[in-house]
Amino acid sequence: RLNPKINSKVEDIEITSIKEVKKGQLVRGYVKSITASGVFFGLSTSLLGRILFQNVSPYFVQKHSLYEKYLPEGKLLTAKVLGVNKKEKHIELSLLPEDTGMPSVLPESLGLPQYGAEEEKREADDEEKREEPKLKTKRRRGNSESGQVYGSDCTGQAKELNCCCHPPSPHFPLLQEVKPKRKKIFPADENDSGIEVYYREEDEDDQEKEATKKKSKVRKPGEAPRLQVSVGFTWDEDNAMDISVLNLKDESSESEEEEDMQSKKQTKKEKELEKQKKEKELCKVEAALMDPGRQPQSADDFDRLVLGSPNSSILWLQYMAFHLQATEIEKARAVAERALKTISFREEQEKLNVWVALLNLENMYGTEEALMKVFERAVQYNEPLKVFQHLCDIYASSEKYKQAEELYHTMLKRFRQEKSVWLKYASFLLKQGQTEATHRLLERALKALPTKEHVDVISRFAQLEFHSGDTEHAKALFESTLSSYPKRTDIWSIYMDIMIKHGSQKEVRDIFERVIHLSLAPKKMKFFFKRYLDYEKKFGTAESVLAVKRAALEYVETKSSLADT
C-alpha cells in the first residue's frame, strides 16, 4: 500500500471455487484421506481433489498401508493439477516429482520397484500364462500322434507274428526309422477357424525340434558320447526346466489362491477390528486438532494454524520461535518473510509486530549490515517513528547503549516536533544515570516544542525524575509549574499522587491545604476535599478528619453567603 510499485506475490492463493483451479497449476493443500480409489487432497475447506496411486509416486506399492505411513492425514504437500471437470466438480492431481519438482513422497531407501519395471514383469507373467495351455495341449497331441504311428505301422505284421507294438527303442532299430505321417497343411483362408493356424505353429515347433536334434547328433571332436535311454526322458535342459517351472507356478498359483481365500474367510473379523481401531485413532487425532489449548509440536502444525488465521502475528512469532529453539535461523528468517507477504496490508500493527521480531532476530543472530537492511525496509513499509523507537528499545535491552544513543540523536533531528521522542530519550538517559544530561535535554525540548506542550512536557520530565532521578529537582519543577499555572488541577492531582508515594505526610498535607484554599470551581473543590478526607481517614487521626470536615463546612458557608449577597 505504501509502495504500490512493488507487487508481492502470495505463495498460497486462497481457492474458493473450482473455477479458480486450472490445468497445470501448482497448488498446496493437505492430505484428507486414503481410500482404495486414491488419495484425497484438500485444496480448501470446500474443495477436494483426487490423486491416483500411479500419480502419487513413481514406485509400485502393493500394500496401501505404506501410503498411510508416509502420507498421514493433515500433511502439507505441493501437487500439480492434471485435469479439471467443472461439471462433475472433479479435480485430478499429481504428486510425481516430474510434475511438482519436489522429491518423491516415498523414499528410495524402501527399494520399491518402479512402475515401468513392474509392467514388464506383468507382461512376462501374462505371456507365460498364455503359453502354459499351449504346451499342455502340445504334449497331449504329441503322445496321441506317436501312439497312432506305432499302431498303424505294425498292425499288419502283428497279426502274423503275434507281436505287440512298442515305442522305438535300441532293441527295435527298424521301428526307429519309421516317421509319423504329417498332414499336409494348406494356407489359412478368410473363414479359417484357427485350428489350422495352431497346427502351423506346432509344425514350426516340430521343425525347430528336429533341427536341434540334428545339431545334437553331430558330435564335436573330443566330446563324450551321450547315454541312450528309452523314450520318456528329454535331453533338452531348457524344455525340462520350462516344464518344471510351469508346474511349480501352477502349484504356487493354486496355493496362493487357496491362501487368499482362507485369509479372506479368516480376516473378516480382523478387518472389522482394524476399521474400529482406525476410526478411534482418527477420532483421537481430530479431537487433538480441535483442542484450542493444544500446543503445536511440528512445522506442519504451525503451517496448519497459520493457514487457518494468516493475519495473526502471534502465530507467526511462535513459528519463528519454534525454529529458533532448534537453532534454525534461516528457517526463522524465511517464516518472517513469508509472514510479511501473507499478512494483509490492512493489518498494519500485525505487520509491524513481525518487523520488530525480524529486527530482534537480526540483532541477536545476524550482522550489523543485515540489521540495517531490515531496518531500512521496515522504515519504508511502516511509520518511521515507530520503527525508530522499537529499534532503540532493542538496542537498550541488548545493552548496546552507544548505538542506541546515536539513533536517538538522529531521531531528535528527524522528529523534533514529536514530544514522545524527547520523553523517550529522557527516560533512556535517566536509566543510565545521566541526570545533568536530562536537565539539558529539557531545555532543548522546551525550545524545540510549541508552547502549548510545555506544561505537559515539564510534568512528564518531573515524573521521570521522581522515579529514577533527582527528587528535589522534580519537586522544583512541579512547584514552578504550579506557581505559573495554579488552576491546572490535573498537575495538582499528579503532584499529589507522586508525593503520596514518595513524600512525607507533612508534605502531602501541605499540598492539600494549599489546594483547598484556592479559588476553584465548586466541583473541583469538592473533588479535592473528598481526596483530603479519604487520605486523613487512611493515614490520619480522628482530630485530623474533623479538621477536614470543618474546613469543608467553612468553604460551603462562604460560598452560600457570597451567593446570597
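**Entry: lysine 475 and its partners**

I began with glutamate 472, which counts as exposed at 53% relative accessibility, in what is a predicted model. I then looked up its partner, and found that the side chains of glutamate 472 and lysine 475 meet in a salt bridge of 4.0 Å, N to O. Both residues lie in helix α18 (residues 471-484), and because they are three residues apart there, about one helical turn separates them. Is lysine 475 itself buried or exposed? I noted that lysine 475 counts as buried, at 16% relative accessibility.

Lysine 475 also meets the side chain of glutamate 507 in a salt bridge, at 3.1 Å from N to O. Glutamate 507 belongs to helix α20 (residues 505-516) while lysine 475 belongs to helix α18, so this pair ties together parts that are 32 residues apart in sequence. For glutamate 507 I wrote down a relative accessibility of 29%, which counts as partly exposed. I also found Glu330, Arg333 and Glu362 joined into one network by salt bridges that share partners.

**Entry: other salt bridges**

My search of the whole structure gave 17 salt bridges. One of them joins the side chains of aspartate 393 and lysine 424, at 3.3 Å from N to O. Since aspartate 393 sits in helix α13 and lysine 424 in helix α15 (residues 419-431), the pair ties together parts that are 31 residues apart in sequence. I looked up both ends: aspartate 393 is partly exposed at 37% relative accessibility, and lysine 424 is partly exposed with a relative accessible area of 25%.

**Entry: aromatic pairs**

I listed the aromatic pairs next, and the structure holds 17 of them. The ring centres of phenylalanine 375 and phenylalanine 388 are 5.0 Å apart and the planes stand at 85°, so I recorded this pair as edge-to-face, the term for planes over 60 degrees apart. Phenylalanine 375 comes from helix α12 (residues 368-381) and phenylalanine 388 from helix α13 (residues 384-397), so that the pair links parts of the chain 13 residues apart. Phenylalanine 375 is buried, with a relative accessible area of 8%, and phenylalanine 388 is buried too, at 6%.

A second pair I checked is phenylalanine 529 with tyrosine 555, whose ring centres lie 5.7 Å apart with planes at 45°, so the pair is tilted. Here helix α21 (residues 522-539) supplies phenylalanine 529 and helix α22 (residues 542-564) supplies tyrosine 555, 26 residues away. I also noted one aromatic cluster, formed by Tyr401, Tyr408, Tyr425 and Phe428.

**Entry: the cores**

Which residues have the most contacts inside the largest nonpolar core? I found Phe375, Met411 and Leu441 named for this, in a core of 82 residues. Helix α11 (residues 348-365) gives the largest share of this core, eight residues. Leaving aside neighbours within four places in sequence, I found phenylalanine 375 in contact with Leu359, Val387, Phe388, Leu391 and Leu407. Apart from this core lies another, of 24 residues, which include Ile51, Val56, Tyr59 and Val81.

**Entry: strands and overall counts**

For the whole protein I counted 22 helices and five strands, and of its 565 residues 28% count as buried.

How values were computed. Residues numbered from 1 in each chain as written. Predicted model: local features only at pLDDT ≥ 70, side-chain atom pairs only at ≥ 80, totals over all residues. Heavy atoms only, no water. Phe/Tyr/Trp six-rings, centres within 6.5 Å; stacked < 30°, edge-to-face > 60°. Helix = DSSP H or I, 4+ residues; strand = E, 2+ residues; numbered from the N terminus. Buried < 20%, exposed > 50% of the residue type's maximum accessible area, 1.4 Å probe, protein only. Core = buried A, V, L, I, M, F, W, Y, C linked by side-chain atoms within 4.5 Å. Contact = heavy atoms within 4.5 Å.
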